[in-house]
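Have a look at the structure first, then read on.

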Amino acid sequence: MYAVETQNLIKRYGKTHALKGLDFTVNPKEIMVLLGPNGSGKTTLLLILATILKPTSGTAKVMGLDVAKQPTKIRQILGISFQEARGFWRHKPAEILHFHAAICGVPKSERGAKIEEIMKGLELWEARNKLFMHLSGGQTKRLEVSKLLIQRPRFAIFDEPSSQVDLRGKRKIWGEIHKLRDEGSTILVATNEVREAEYLADKVTVLDQGKSVVCDTVRNLKDKIAGGDVVELLLEPGPNNTEELREELSMIEGTVNLVVAGENQYRAHVSMAEAWVPKMTSLCYERKARLLSVRVTEPSLDDVFLHFTGKVLETTTNA
Amino acid sequence: MTELLRILQLAGNDFSYFFRTKWLMAVLLSLNLSDMLVVALVYHRLMDFNYFQFFVPAVVVMGLFVAALDTGRRIWLAIREGVIQYYLSLPISTKGVVIAYLLAGGLAALVYSSSLLLIALLVLPAHAIWNTLVLLPFFFVLAMGLAGIAAALAALASTHAEFYFAYQQIVQVVLLTLSTVFYPIAVVRQYLPPFLVSVVSHNPLSLAAEAMRQYTFVGDPIQPWFLVNILLTSIPFTIVGGLTYFWALRTIQVKGKL
């Protein structure tokens with residue numbers, strides 16, 4: 001059984017189609033990252049799975065429970081960290097976390113210690129006496145994430161978990177999300193930050209205009225781009241460094257394109273550089289052409305997105 | 001953990017929110033206490049009957065009314081700030097969220113008006129404290145009814161704060177004017193047609209003010225039918241308000257906004 005499954009899921013806001021017949025699955029105990037630009041339907045999907053929005057048609061199930069028919073049961077196993085932090089303006093962070101922990105059934109005897117540990121871990125402890133309305137954007141975001149880290153739900157949803165958070169904070173949040181997965185939670189993360197997706201994802205689903213374009217592991221997605229890996233070669237000047245060698249290099253299996261990038265320099269666009277490079281080095285050895293340097297650049301998820309949708313992914317951290 | 005316990009936790013959270021809005025507390029208390037003071041010093045000497053004794057219950061009921069109506073402001077804020085979406089993600093049913101808000105509204109209003117009553121009792125001794133204790137649960141039901149009105153107004157006002165405050169003012173003017181909170185029924189009979197007199201006498205605010213005058217400050221024995229009347233006139237407000245708020249939450253779930 002899938003932890004999450006949607007079939008022909010449609011969500012309309014008036015005339016706007018946010019989700020257009022989405023088929024989507026998440027396996028138990030994996031981190032699925034939804035990657036897509038603003039308006040691709042990521043947040044709408046998350047809100048439907050969190051039972052906050054009702055689908056217009058189609059089905060969506062969480063742990064086998066239908067979001068439209070059994071919302072209260074689903075709410076007992078899920079937690080959501082919103083894109084924009086939701087807090088009570090006149091409460092302090094610890095009070096907000098105590099309320100969340102209590103209503104989510106965290107035993108009273110454990111609450112205090114857990115809250116202190118999580119707040120210290122996410123560097124919120126110093127702000128414990130500030131009111132929510134006086135917290136910075138990064139602090140409210142950390143607080144939002146903290147709710148789930150205290151609750152530790154079976155199904156955790158994070159909507160742009162590290163936006164507005166500094167680099168150090170991002171690393172901590174990502175580490176905590178991994179820990180949560182390792183403890184057995186199924187995790188769904190929506191982001192338009194490539195680095196966040198690469199760091200977190202067991203699998204990535206690319207969403208565009210309310211539809212799933214492709215879903216696979218990061219490695220497989222990158223490998224699916226023909227010529228996505230770029231290999232730059234620098235050869236020692238010499239008699240064996242000839243046009244013939246260039247032609248032979250371009251004939252290696254997996255080569256999509258090979259161009260002269262400068263004197264004794266080549267740039268090859270290849271599929272799966274890890275297989276191409278050994279063949280290339282063997283060939284150079286056989287032709288007695290000495291390699292001075294090899295530089296491999298693999299495609300980013302930006303390139304993956306561009307490849308599958310024909311669009312550039314927005315990567316502003318706050319988008 | 002049961003649904004009931006979660007409702008109580010949510011209600012407790014909203015209840016505490018009312019008392020955390022310190023500027024609101026200061027404004028409400030200063031207005032209500034200055035009303036009492038002005039009446040004590042001025043009106044009392046101008047009138048030929050003890051208007052202060054008549055007016056103190058009015059201030060208590062008005063405190064109950066205003067504090068209960070603040071439920072709408074909190075609901076409106078929760079909708080605007082997206083806190084309502086947070087509530088809808090918690091392990092509590094949508095009905096539970098509605099009930100929690102009404103309970104919190106009722107309780108906050110009861111606690112606030114009781115504090116006014118305690119202050120009033122310092123200068124105006126009650127003849128029957130026991131009667132007052134009997135009245136409090138009925139006042140709580142009335143406050144839930146008023147919170148229901150506030151919830152309905154907040155739902156109708158959608159995301160426009162100014163609409164909510166305008167609706168609140170209209171309700172305030174209508175409910176307080178058409179009541180015996182500030183003037184006796186004899187005065188109402190002099191100026192209003194009979195059907196409006198009937199409305200005034202069945203207004204739950206009139207009933208609450210009269211109950212406090214007769215049973216707390218005069219010390220008459222409590223008439224059960226009077227208390228039943230408070231329930232019968234308050235419960236419809238609670239139900240209508242609860243249903244309207246529930247409809248608003250459903251609308252948010254379907255449309256994503258109000």
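1. One term before we start: a salt bridge here is a side-chain nitrogen of Lys or Arg lying within 4 Å of a carboxyl oxygen of Asp or Glu. Keep in mind, too, that this is a predicted model.

2. With that in hand, look at Glu95(A) and Arg20(B): they form a salt bridge, with 3.0 Å between the closest N and O atoms. The count of salt bridges between chain B and chain A is one. Polar contacts are also there, with 13 residue pairs between the two chains, both residues at pLDDT 80 or more.

3. Which helices of chain B supply at least two residues each to the side that touches chain A? They are α1 (3-20), α3 (51-81), α4 (83-89) and α11 (224-255). The largest share, seven residues, comes from α1(B). Sorted by class, this side of chain B has 13 nonpolar, eleven polar and six charged residues.

4. As for the contact as a whole, chain B brings 30 residues to it and chain A brings 28. About 2700 Å² is buried between them, and carbon and sulfur atoms give 56% of that area.

5. Now chain A by itself. You'll find eleven helices and 14 strands in it, and its C-alpha trace spans about 75 × 45 × 35 Å along the principal axes. Chain A has 319 residues, 53% of which count as buried. Its accessible surface is about 13900 Å², with 49% belonging to carbon and sulfur atoms.

6. A last point on chain A: take its contacts with a separation of 6 or more, and 69% of them are between residues 24 or more positions apart.

Methods
Residues are numbered from 1 along each chain as its sequence is written. Chains are lettered from A and ligands numbered from 1 in the order in which they are written. This is a predicted model: local features need pLDDT of at least 70, side-chain atom pairs count only at pLDDT 80 or more; totals for chains, interfaces and linings use all residues. Side-chain values use heavy atoms; hydrogens and water are left out. Contact means heavy atoms within 4.5 Å. Buried area is the accessible area (1.4 Å probe) that two parts lose on being put together, summed over both. A polar contact is a pair of N or O atoms within 3.5 Å; within protein, one must be able to donate a hydrogen and the other to accept it, and residues adjacent in sequence count only if both atoms are side-chain atoms. Helices (H or I, at least four residues) and strands (E, at least two) are DSSP runs, numbered from the N terminus. Ala, Val, Leu, Ile, Met, Phe, Trp, Tyr, Cys and Pro count as nonpolar, Asp, Glu, Lys and Arg as charged, and the others, Gly among them, as polar. Buried means under 20% relative accessible area, exposed over 50%, partly exposed in between (1.4 Å probe, protein chains only). Accessible areas come from the Shrake-Rupley method with a 1.4 Å probe; for residues, only the protein chains shown count as cover.
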